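This briefing goes through one protein model by topic.

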Amino acid sequence: MKLTRRNFLQGAACGIAGTALAGVVGCSPQGQTASDQTAGEGGESASATEEKDVDQTYECDICVVGAGFSGMIAAVQAHEDGANVIVLEAADITGGASANGVEGSFGVDSSLSKELGIQVDLKNILMSEMEQSQWRADGLAWLEMMENSGQNIDWLIEQGVKFDKVDDYHGKDYRTFHWYQGGITEGYINPMTAKLEELGIQVEFSTKTEELILHDGNVCGVYAQNKSEWIQVNAKAVILATGGFGANYELCSNIGYPADRLLSVGSPHDDGSGHDMAITAGAKDFADYAADNCGSIIKSFSFSMTNLGFCMAPQIPWINESCERFYKEDNCTVNLSLANPPKWNQERSFMIWDEAIFEAYAATQEDDIRALLESALASDEGDVFKADTFAELAKAADLDPDRLESFANEYNAMCATGKDELWDKDPRFLVPLQNPPYYLAQPINAMFTTIGGVATNRNAQAIDADHHAIEGLYVVGVEGCMLYRNVYTIGTPGSCSGNSINTARTAAKHAAARL
């Protein structure tokens, strides 16, 4: 399918991410399939692949996999640098997962921030982020992203992207957040889509890349499927912009989430295929260290922001299978992601509330959360329980009655004194459990996206276990993000999408310079 304004713009707001791949020239069209390659335990380079019976072959300088947030940037930048570019997109529209949540991007010393007289101390940001990651994050990657960010914002403006304000994103630590005018679709996706069309860049929609083509350890193309046909793309560089692996529960379990307690609420194309192909090609697997954008929800409530918000309510205590309160519930008021790691250490996790807490929360919501609760109690899901006593509640949820009563007594005593003796929760959120009926729920994890999964260097090249670049293979956007380790920090507004912009431009420039 060739690029047209109609097929580019008609569904952009739906935001279906493209998990596809891209190719490289310089090797024979007769390669081998990635499934027949051997990659070592630590990411040893594979050698070659088996030839496919293809229906069509394309030649280009740079093949970009995915026409999402970072993929479109990489394609436009590569074209600007003189490369012949082909984009493969698994979905039938542009935008990827960005339409599901990106609101703005990080920028320092952009033309907009200069007009507003905004000054930001990069050293403060760098030290804060490094300390939050226990100095495991790539500090030089942080520094380069920040130093390039102003130019990156201005470059986007040159491409037609629209911003309407710069602020600290709801009171965060720094005024670095550049909001997309009218939202991500109007401000970013549509203008960048129009730029691809204007430049005549070839985009193959509904085309899912299945395998990398390798020769002597170098990535030199891809095999992809367009409907029922196999196509081959030969290129001199491949840029993977395939999004994260939030829809791949097995990979998410490497982070710490039980595979049987996950629900993907991001893009269905974030299936980890790009990650797996990079690892098969010899890239270092970074999934164990990936951060994520994930929150708890009560499954029987069905997914909604009301459901997500309720599970983050700091006045609701959480306990484990032994009826022990295991973390500080108001840490999610600082960062949603901080509420997740404590749950990885438990066999089971429950939230418990009473009628008064529920009524107070329901009064703040436009949605009828009472209807959700009643529907959940009547369902066969078995994840919400109700009783007039703590002992009955424990029996319903297969917990120890004595332990649950002991927990409730201790928690209520702390609420009475206004002092959390265990986790030092803000006294504002110490609300006693004393108004029956009582409720207990066992939530699951709603995964929006993962961030980081394939190890990369600062050229955005995939690297092996020895930090050697895999020739011809670049990984950009969230899949190759090296800014975080397990916890997605949000004190620096717009850093993740800022990194996606920077890695996409960096990869395209580096690949084009080597043509």
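The lining of the second largest pocket is made up of 4 nonpolar, 8 polar and 4 charged residues. That pocket has a volume of about 250 Å³. The model is predicted, and its mean pLDDT is 90.

**Confidence**

- A pLDDT of 70 or more is reached by 91% of the residues.
- Residues 1–43 have a pLDDT below 50, although beyond near neighbours in sequence this stretch has 184 contacts in the model.
- Where pLDDT is low, the predicted coordinates should not be read in detail.

**Pockets**

- The second largest pocket has 16 lining residues. Gln132, Asn335, Leu338, Val487 and Thr489 are the ones that lie nearest its centre.
- The largest pocket holds about 1,400 Å³ of space.
- A total of 48 residues line the largest pocket, and Gly101, Val102, Glu103, Asn293 and Tyr488 lie nearest its centre.
- By class, the lining of the largest pocket has 21 nonpolar, 24 polar and 3 charged residues.
- At least two lining residues of the largest pocket come from each of helix H2 (69–80), helix H9 (305–311), strand E18 (444–451) and H15. Of the elements, H15 gives the most to this lining, with 4 residues.

**Cavities**

- The structure has 3 cavities of 30 Å³ or more.
- The volume of the largest cavity is about 140 Å³.
- Its lining has 15 residues, and those nearest the centre of the largest cavity are Ala141, Asn457, Arg458, Asn499 and Thr503.
- Two or more residues of this lining come from helix H5 (139–159) and from helix H15 (495–513). The largest share, 4 residues, is from H15.
- The lining of the largest cavity divides into 4 nonpolar, 8 polar and 3 charged residues.

**Nonpolar cores**

- The largest nonpolar core has 45 residues. Those that touch the most other members are Ile298, Phe301, Phe310, Met351, Trp353, Leu404 and Leu440.
- Helix H14 (residues 401–417) gives the most to this core, with 6 residues.
- Which residues is Met351 in contact with, leaving aside its neighbours within four places in sequence? They are Ile298, Phe310, Cys311, Ile316, Pro317, Trp318, Tyr439, Leu440, Ala441 and Pro443.
- Another core, of 39 residues, lies apart from the largest one and has Phe69, Val87, Val161 and Ile201 among its members.

**Backbone geometry**

- Most residues other than glycine have a negative phi, and most peptide bonds are trans.
- The peptide bond from Pro436 to Pro437 is cis, with omega near 5°. Pro437 is placed in the loop between H14 and strand E17 (438–441).
- Tyr169 is not a glycine, yet its phi is positive, near 50°. Tyr169 sits in the loop between strand E5 (163–167) and strand E6 (177–180).
- Asp398, also not a glycine, has a positive phi of about 60°. The loop between helix H13 (390–396) and H14 contains Asp398.

**Accessibility of single residues**

- Is Lys195 buried or exposed? Lys195 is buried, because its relative accessible area is 12%, and the cut-off for buried is under 20%.
- Lys195 belongs to helix H6 (residues 184–199). Leaving aside its neighbours within four places in sequence, Lys195 is in contact with Val76 and Gln159.
- Tyr169 has a relative accessible area of 22%, so it is partly exposed.
- Asp398 is exposed, because its relative accessible area is 62%, and exposed means over 50%.
- Gly117 also counts as exposed, at 56% relative accessibility. Gly117 lies in the loop between helix H3 (111–115) and helix H4 (122–132).
- The C-alpha atoms of Gly117 and Ile184 are separated by 25 Å, and the two residues are 67 residues apart along the chain.

Notes: Residues numbered from 1 in each chain as written. Predicted model: local features only at pLDDT ≥ 70, side-chain atom pairs only at ≥ 80, totals over all residues. Heavy atoms only, no water. pLDDT = per-residue confidence, 0-100. Contact = heavy atoms within 4.5 Å. 1 Å grid on protein atoms, 1.4 Å probe; cavity = no way out; pocket = protein on both sides within 12 Å on 5 of 7 lines; lining within 4 Å. Points joined across faces, edges and corners; volume = space filled by probe spheres on them. Nonpolar A, V, L, I, M, F, W, Y, C, P; charged D, E, K, R; others polar. Buried < 20%, exposed > 50% of the residue type's maximum accessible area, 1.4 Å probe, protein only. Core = buried A, V, L, I, M, F, W, Y, C linked by side-chain atoms within 4.5 Å.
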